Amino acid sequence: MKSANAIFCGAENGALLKASELLCLAADHAGYDAVMHIERGQEDGRVSCHIRWGEKIWSPLIPAGQADMLLSLDLRETLLLLPMLRPGGTIIIDGNALAGSDIGLTGMFASAVDRLGCAVHKVPAAFCAEDPALAPASLAGVAASFLPWPDDVWRRTFDALGDHAPASVRDAFHKGKSYEAETLRFDISPRFSPPLGPTDKGIRTFDEMLERVRSLPPRRVCIAGAENRAALHAGIECVERGLGTPVFVGNRETILSAAREAFVDFPIGDYEIISTASEQETAEQAVAVVREGRADILLKGGVNTPTLMRAVLHATKGLRSGSLLSDSFVFEFPDEDGTRLVMITDGGVTLQPTIQQKIQILRNAVVVAHALGNAMPRVALLAASETINPALAATMDAAAITSMNRSGQITGCIVEGPMALDVAVSRKAAAIKGTDSPVAGQADILVAASIDTANALAKSTTYFAGYRLSHVIVGGTAPILIASRSDTADAKLLSIALGSLMARHFEEQRAQAG
Amino acid sequence: MNTHPTLSGIEATVRGAWSAGAGYVVEYVYRNAVTLSTKPPLDDGFSILRAPDAVSCVETAVGIAEGGVRALALINRRGIQSAIDALADAAGAVFQAGLVVAVIEDEPASALVADPRPLLRAARIPILEPAGPVEVLSYVDQAFRLSEQFTIPITVHVTRSVIDTCAVCSVPERRTTSKKGISTFPAERRTGPSAIADIERRIAAVETFANQSFDLNAVDACSPDVGIIAAGIAYRYAKEVLPTASFLKLGVVHPLPRKMVSYFTGFVKRLYVIEDGEPFIEEQLRAAGFPVSGRDVFPHAGELSLETVAKGLASEGAFQPAISIEPLTVEASRHGEPTNPAYRSLLSALRNSSVRIMGFPENTHTLQLAAEYGFARARGKGPETPAAMVIPTPSRFLAHLAVITDLTTADIPLIACIIDCAGTDLPTREGIDIRKLCEGIGISHVSEVPLADERAITEAVTAACNIRGISVIRLVG
C-alpha cells in the first residue's frame, strides 16, 4: 500500500501539533486516508509528529527509512530522526534552527546529510514567522509549497479549522507557502472515486448491450472445436449480427464439409481456419491464438470442456492471470423500477468456494459489471437469512466480506451480506423485513455460497421465469465462453456479445495501465 | 454527521461519550479531559468531573449510571490497579443507564505499568480494544449500548499508541437520552460471590454477541497461508508489515469470541497472535486449545513496535521485509522512550541474567526503589538476587549522585545501567568523564559497551553480578 510520509519535529508546543494537524487535515481534504501520530520524548520536551497519507494507511507510525519529508524546527531532533528518512528524502529546516545551533551539531548534520544523499532546504528567514509560536505554521506553509495539492484544498482545510487557525496562523502559513519549492511527486492516488449519479447504472437490457457491441469494432472470436455444427453456427451468427469475426480451430476438412453441408451460403473460405489433428491440440491451439492476441474471446465449440479448461489453466501456456476463474451469469430482470441486468455467480467453476475464493469470485463479477457500464454495482452475498450465525459458515463469510468492503479492502462495489434472495432483489420484501441497506432490493450481483445454489438459481431464471440469460467465465486474461449444450441460440449470441464487451473492457484497462 | 478536525485517541474518547448522550465524564487521568473536550466545544448537559482518586472516579460513575444517566469513567492504568475492587463491585450493579470505563494510557511511562486487561478480566468486565481514534469514537458509543443491553460495565482499552494518534473523525450528532430517574436501591443488586453466577451469564451473553459482531471484530480474508489475530494498534502494525495475510481483528478481547476465532482458524494454515502489552489474547487462545504462535515469535517488553512485528514475521519466512527490521541506529534512539531497541536489548540481557530490575527509566522513583532495595539488603532483610536500575541519560545519573553514593554501601550486586546516546546529552557534550566521577564516589567497577550489542551487554551484566556493591555499565552509542 503506497503512502506519503512526513515527520514534523521540534520542541513540543501546541503550535507544532496544530501545524501537523493542518497538514493531516489537508491530506484528508485532498482525498487521502490521513493519520497523524505524536511521538514524545520523555525528557527534553521535544516531539515528532508522524503524518501519513495515501489510499489506505495502516500504521500511524512511519517505518524507519520510509519518511519522504522531514520538517524540522530543531537541529538536534533532526539528527535523531535522520534514520527515519528514506534515501534521497527531503529535509526542510527552519533557517533559524541552523543559525542557533552549536558548530558541533551543524557539522554532524552536514556529514549525515551528505551520507544519506538527502535534499536539504534551509528555509530563509524571509519565509519564516518571526514569532516562534508561529514558526510551525510557516514551516507547514513551506511544506505546502512542496505538495501537489491545489489551493482549494488549503482553503477548505482552513475553513474546517475555523477558529483553531486564527488570522496570524493563516498569515504565517501563507508566508511560508510563498517559498514556491519544486513540487515533490508522490506515486499515490486519492482513495475517493468521483461521486456516482443515481442513474449511472450502465447497460440495463440485452438489447442495449447488443446495440452497444454493434457500435464497437468487431472482435475476433476463437472457436475451439468448430467441426461442431452448433459452434459453426455461432461463428456465422457473429458475422451476420455484426458482433465479431470468427477464427475456427479444428479439423479443417471436417469444418469445411460441415459448413458446405449446413451453411451453403456462408463464405467459410474467407475466414481463418487453424487445422488440428486431435481434441487436445484443438484446445491448445485455440488458447494459444487468444494468448498471443490473435483473437479477443475464446468460445468453446465441440471440444470437451475438461480438455479446454486444462489448456486454459496451463501454468505457462494458458490464459491465467493469477486470479481464480469464475462463471458469471447475467439475466434480464424486470424489477419494480423497470428492466435491468442482474448477475449470479459462480455457477460453473468452483464447487465449494472458500472465503478467499468467494472474494475473487465477487471481484470477477464486479469486473463484468464495470464492463457493462455499472461503475458501482451493488453486491448481495446470499444466505438463507440476514442473521449472522457462527454455525453457518456462509453467513460468517458474507459478514466478513461485507466488513472488508466497508473498510476499503474490496473496492468498486457496495457489498452487503448475509442477505436472503428476497431482500436482495425486492424492495418490498426488504421493507417488510425492515432491512435498511443500499443493496437491499437493488442488488446487481448475487454471490451464492456454492456452485449448486448459483447454478440452480441461474438456470431457474430461464426455465421457471423465461428470462434471457448469458454467461461468461472471467478471471483469465481474456473472456472465455463455455456454452452449455442446452443453451438456446439466443443465450449463445448474448454470451458472445457479453464477451465482446469484456474484451473491450480489458483493452481499456490495459491502455490505462500503460 | 458533523465532520470535525482531527481528534486524538483521548479526544475521541470524550467526544464518543458526548455523542452517545452521556451526561458525565468522571476523569482520573494525567491529561485533563476538560481542556481536551474544547475541541469542538461541548454543550450543556454534558459535564466533566475530576475525581480525586481512582476509586472515587469509578464509584462516582457507577452512582451516576445507577441513577439513570450514561456515564464514562476515564481512568489511567495506574488508577485501574487502585480501583479494581470498585470495578469488580460495579460488575454486579444494575444500571439504569450505560456505564463505560475508558482505560487511558496517557503517558509513555504507563506502558511500564502492568497491563490492565488481566485485572479487568478478573473483575469480570468485558473489554473492547480500538485501533485508532475513529474506532475509539464508535467503540465508546457501542460500549454504552452493550452496557445497557447486557447490564454490565464495558471497558474501552485505549493504549498509548492510540492516544497519541490523531485522525479526522466524523462525530455523530449528540444522541438525546432521557434521564431514567434514580430508583431505590435495586433489590437485584448483589455483590460478592452471590453475584458471580449472574455476572457470568452476562459475560456469556456478551461473548455470544461478540461471536456475531463484525462491527467490533473484523475478518480480512486474504492469503490462506498466514493468519494473524491482533487487536488495537497491533492490527495496524501487522497490516502495514504484511497486508496480504489474513487477519482476525478482535475488537472484543474479553470475553474472547471463541467461535469467531474457530471460524477464522478454519481457513488459514499458520496462526500468529500479535498484541501490544502482555500476551493476554495469546494466553486465552492457548488455554482454549488454539495452536498459535505469539510472544515466542514477537518478543518485546512494553510497547509493541513496527520493527518487532516485521522482524518476527520475517524470521518465520512469512514475508520479504518491506520495511527496515534492523534496530534504528543510535542516532534515532530517543531519550526515555521504553520502546527503543537499546532498552529492549538491555532488558533482554538483564532478564537473561536473572537480575531483578528495580523499575524502569521513568523518574527519580526508579533510583529510590533501587536505593531502598540496597539498604534493605544491607540490613539483611532483602532478597539475595542482584538488582539493576536503568538510568536513561548521564544527566540523570549526575542529578542523583547522592542516592547513588548511598548505594555504594550495599552488600549485594547492584548495577546502574546508564544509557548514553550519541553524545547529545549535556554531560557527554561537556566532556564530563563518567568513569572518573564514579571512581570519585567509590564505584570502582565501570564498564562501557555498545548500546545495541546485546551480547556485550549480557557479558557486562554477568560480570557485574559477581561484584558486591554498585557497579556501572555505560551503554554508549
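Trainee: In E8(B), which residue is the bridge partner of A:Val35?

Mentor: Two strands pair if DSSP finds at least two bridges between them, strands (E, at least two residues) and helices (H or I, at least four) being DSSP runs numbered from the N terminus. Here the partner of A:Val35 in E8(B) is B:Ala167, and strand E2 (residues 33–40) of chain A is joined to E8(B) by 3 bridges, the two running antiparallel. This is a predicted model, in which local features need pLDDT of at least 70, side-chain atom pairs count only at pLDDT 80 or more, and totals for chains, interfaces and linings use all residues. Residues are numbered from 1 along each chain as its sequence is written, while chains are lettered from A and ligands numbered from 1 in the order in which they are written.

Trainee: How many residues does the contact take from chain B and from chain A?

Mentor: Two residues are in contact if their C-beta atoms, placed from the backbone, lie within 7 Å; chain B gives 42 residues and chain A gives 48. On chain B, the elements that each supply at least two residues to the side touching chain A include strand E1 (2–7), strand E8 (165–171) and helix H9 (193–212).

Trainee: What is the mean pLDDT of chain A?

Mentor: The pLDDT is the predictor's confidence in each residue, from 0 to 100; its mean over chain A is 87, with 93% of the residues reaching 70 or more. Over residues 192–199 of chain A, however, the pLDDT is below 50, and this stretch has 3 contacts in the model beyond near neighbours in sequence.

Trainee: How many helices and strands does chain A have?

Mentor: Chain A has 18 helices and 17 strands.
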